[in-house]
Amino acid sequence: MNRKEQREQAFCLVFQDLFNNDEALQIYEENVAQIGEYSRTLFEGVASKKDELDEIINKYSKGWKSKRLPKVNLAILRLAVYEIMFVDDVPDGVAVNEAVELAKTYSGEGDYSFINGILGAVIKGEK
């Protein structure tokens, strides 16, 4: 599995974790597929830094706090912000582009531009 596929798998895990705390990995492996190493690393990283990631998201999402965001968008943002802030071998632009592509596939119409805007602001403000 390449990184793009593993990132998508990690997104599914992060999204599932919003509903099945502490069981996402087990449920996914039992019902969908074996989890890739990079997917697991991303998922566990996001899970360990949820509060910090949400603080960053809240800081840059004007009028939309993390608790009010659609769950799909929250999962995409957590994953992308984690990659931007904590994964050194992923260029920021790649993290943003992959997040936008996930949003185009899984989010509502036009949500990708909202996600792109927040991530752009995160890069400018946090780096």
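**Close-up 1. Ser 107 sits in the loop between α6 (92-106) and α7.** Leaving aside neighbours within four places in sequence, Ser 107 is in contact (heavy atoms within 4.5 Å) with Val 72, Asn 73, Ile 76, Leu 102 and Ile 115. With Asn 73 there's also a side-chain to side-chain polar contact of 2.6 Å. A polar contact here is a pair of N or O atoms within 3.5 Å; within protein, one must be able to donate a hydrogen and the other to accept it, and residues adjacent in sequence count only if both atoms are side-chain atoms. Ser 107 counts as buried because its relative accessibility is 14%; buried means under 20% relative accessible area, exposed over 50%, and partly exposed in between, using a 1.4 Å probe and protein chains only. Keep in mind that this is a predicted model, where local features need pLDDT of at least 70 and side-chain atom pairs count only at pLDDT 80 or more, while totals for chains, interfaces and linings use all residues. Residues are numbered from 1 along each chain as its sequence is written, and side-chain values use heavy atoms, with hydrogens and water left out.

**Close-up 2. Ser 61 is found in the loop between α4 and α5.** Helices (H or I, at least four residues) are DSSP runs numbered from the N terminus, as are strands (E, at least two). Ser 61 is buried, at a relative accessible area of 1%. Its side chain reaches two backbone oxygens: that of Ile 57 at 2.8 Å and that of Trp 64 at 2.5 Å. Not counting residues up to four places away in sequence, Ser 61 touches Phe 114 and Ile 118.

**Close-up 3. Helix α4 (residues 50-60) meets helix α7 (residues 111-126).** The two axes come within 9 Å and cross at roughly 105°, which means α4 is roughly perpendicular to α7. Axes are lines fitted to C-alpha atoms, for helices over the stretch in contact, and angles run from 0 to 180 degrees between N-to-C directions. Angles under 35 degrees count as roughly parallel, over 145 as roughly antiparallel, 65 to 115 as roughly perpendicular, and the rest as oblique. On the α4 side look for Ile 56, Lys 59 and Tyr 60; they meet Ile 118, Ala 121, Val 122, Gly 125 and Glu 126 of α7. By class, the residues of this contact are five nonpolar, one polar and two charged. Ala, Val, Leu, Ile, Met, Phe, Trp, Tyr, Cys and Pro count as nonpolar, Asp, Glu, Lys and Arg as charged, and the others, Gly among them, as polar.

**Close-up 4. Helix α1 (residues 3-17) crosses helix α5 (residues 71-86) at roughly 125°.** Their axes come within 9 Å, and the pair is oblique. From α1, the contact uses Arg 7, Ala 10, Phe 11, Val 14 and Phe 15; α5 brings Lys 71, Val 72, Ala 75, Ile 76, Leu 79 and Glu 83. That works out as eight nonpolar, no polar and three charged residues.

**Close-up 5. Helix α2 (residues 24-31) packs with helix α3 (residues 37-48).** The angle is about 155°, with the axes 12 Å apart, so α2 and α3 are roughly antiparallel. Ala 24, Leu 25 and Glu 29 of α2 make the contact with Arg 40, Phe 43 and Glu 44 of α3. Three of these residues are nonpolar, none polar and three charged. Also in α2 is Asn 31, which is exposed, with a relative accessible area of 60%. A polar atom of the Asn 31 side chain lies 2.9 Å from the backbone oxygen of Ile 27.
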